[in-house]
Amino acid sequence: MIRAYRFDGNDELCLRHGPETGPALLILPPLFDEANRVRHLMVETARALAGHGIASLLPDLPGCNESLVPLDRASISLWQASLIACTEQLGPVSHVAAIRGGTLLDGALGDLPRWRLAPVKGGQLLRTMLRTKIASDREAGIASSSDALMELARTQGIELAGNSLSPCMIRELDAAAPSEGSAVRLARFADDPLEAEARIAGAPLWLRAEPAHDPAMAKSIAADLAGWIRG
Amino acid sequence: MSEIETSGASDAIETVVRQVLRDILGLSEAQVAGFDRDTELFGALPELDSMAVAGLLTEMEDRLGILIEDDEVDGELFENFGNLVDFARAKAAA
């Protein structure tokens, strides 16, 4: 069901699935282009969770998805503030699940139990976006470098891969890392040799050059989340 | 399917490069296992646009613990699978 929350003078949309009572999960998808590639996966995961009797909120961040706010007004701290407003108005939520860049925001609600898949530092996301800019500059016959672009971006902002990023966003994203938390459940893919508390059947769809969906992965994520939330 | 000559340590690097390509291009395990040194990448794989290449480089950095400089990236690097693996090995050894 599509709901809205009020933040900074605007209405932002939020998908709410599942029962009106009981435990509720805040879902934080990856950021920027990675978010677009897993939109289908996120919505299907929320639906599958509802099937397990778990409610979830999947909010639009200001400047993203259906939001009417220009992206260049957004920053990591503004997004965290929007999550507080969203969960106050449409929550409460008892748990948070974050994927990739979503883990940079999952401390916004304090030390709630957190589930993470493929956490990433903000600098890494920035680096990938800078590389697309360098590649397109090169095609246009302009020699640019990450250092020079970052220097410009920190003072004037920059458009990277179609994203208008303010100086504030650049500084915050560059420094952002998943926060420490006392109750973090780290999930990894089944074929990942590293240690993890949860195993997910699937693949990193956020990396895909061509967006794809994996229904089995949505079910796998939802099953693990449901077991974790029910304790 | 031809095998790439490798030592034990380099095998791990080659496997990582295969897995990154699998994840970026959405290929199956069997498809990337079929890549040999001469398998063409850029030009032969239309999905490998500048956005995909950017993601591929960052994933290689992350999974191999290396740092790739802007001026090390050129067309030759993505000409074929062999070039990409050689580059990854040289970076990991440095």
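Select Phe189(A) and Ile200(A): Phe189(A) stands opposite Ile200(A) in strand β10 of chain A. The strands β9(A) and β10(A) (residues 198-200) run parallel and are joined by 3 bridges. Strands here, at least two residues of DSSP type E, and helices, at least four residues of type H or I, are DSSP runs numbered from the N terminus. Two strands pair if DSSP finds at least two bridges between them.

The model is a predicted one, in which local features need pLDDT of at least 70 and side-chain atom pairs count only at pLDDT 80 or more, while totals for chains, interfaces and linings use all residues. Residues are numbered from 1 along each chain as its sequence is written, and chains are lettered from A and ligands numbered from 1 in the order in which they are written.

**Across the sheet**

Next, display the open sheet of 8 strands, whose order in chain A is β1-β2-β4-β3-β5-β6-β9-β10, with mixed pairing. Its edge strands are β1 and β10 of chain A, each pairing on one side only. From one strand to the next the twist averages 25°. Angles run from 0 to 180 degrees between N-to-C directions, and axes are lines fitted to C-alpha atoms, for helices over the stretch in contact.

Move to strand β3 (residues 24-28) of chain A, which runs parallel to strand β5 (residues 95-99) of chain A and is joined to that strand by 4 bridges. Here Leu25(A) stands opposite His95(A) in β5(A).

A contact requires the C-beta atoms of two residues, placed from the backbone, to lie within 7 Å.

Select strands β1 (residues 2-7) and β2 (residues 10-17) of chain A, which pair in the antiparallel sense over 6 bridges. The hairpin of β1(A) and β2(A) has 2 residues between the strands, and Asp8(A) takes a positive phi near 55° there. Ala4(A) stands opposite Leu13(A) in β2(A).

The classes are buried at 20 or more other C-beta atoms within 10 Å of the residue's own, exposed at 12 or fewer, and partly exposed in between, with C-beta atoms placed from the backbone. Leaving aside neighbours within four places in sequence, Leu13(A) is in contact with Ile2(A), Ala4(A), Asp60(A) and Glu66(A).

**Two domains**

Colour chain A by domain: domain 1 is 2-120 + 178-230 and domain 2 is 123-177, with bounds from an automatic or database domain assignment. Their C-alpha centres lie 25 Å apart. Between them, 15 residues of domain 1 of chain A are in contact with 15 residues of domain 2 of chain A. The domain 1 side divides into 9 nonpolar, 3 polar and 3 charged residues. Nonpolar covers Ala, Val, Leu, Ile, Met, Phe, Trp, Tyr, Cys and Pro, charged covers Asp, Glu, Lys and Arg, and the others, Gly among them, are polar.

Go to Asp174(A), placed in helix α6 (residues 167-175) of chain A. Asp174(A) counts as partly exposed, with 17 C-beta neighbours inside 10 Å. Not counting residues up to four places away in sequence, Asp174(A) touches Gly122(A), Gly123(A) and Leu126(A).

**The contact with chain B**

Show chain B. The contact takes 18 residues from chain A and 18 residues from chain B. Helix α4 (residues 122-139) of chain A gives the most to the chain A side, with 8 residues. That side divides into 8 nonpolar, 6 polar and 4 charged residues.

**The whole chain**

Finally, zoom out to chain A, which has 7 helices and 10 strands. Of its 231 residues, 46% count as buried. Along its principal axes the C-alpha trace of chain A spans about 55 × 45 × 30 Å.
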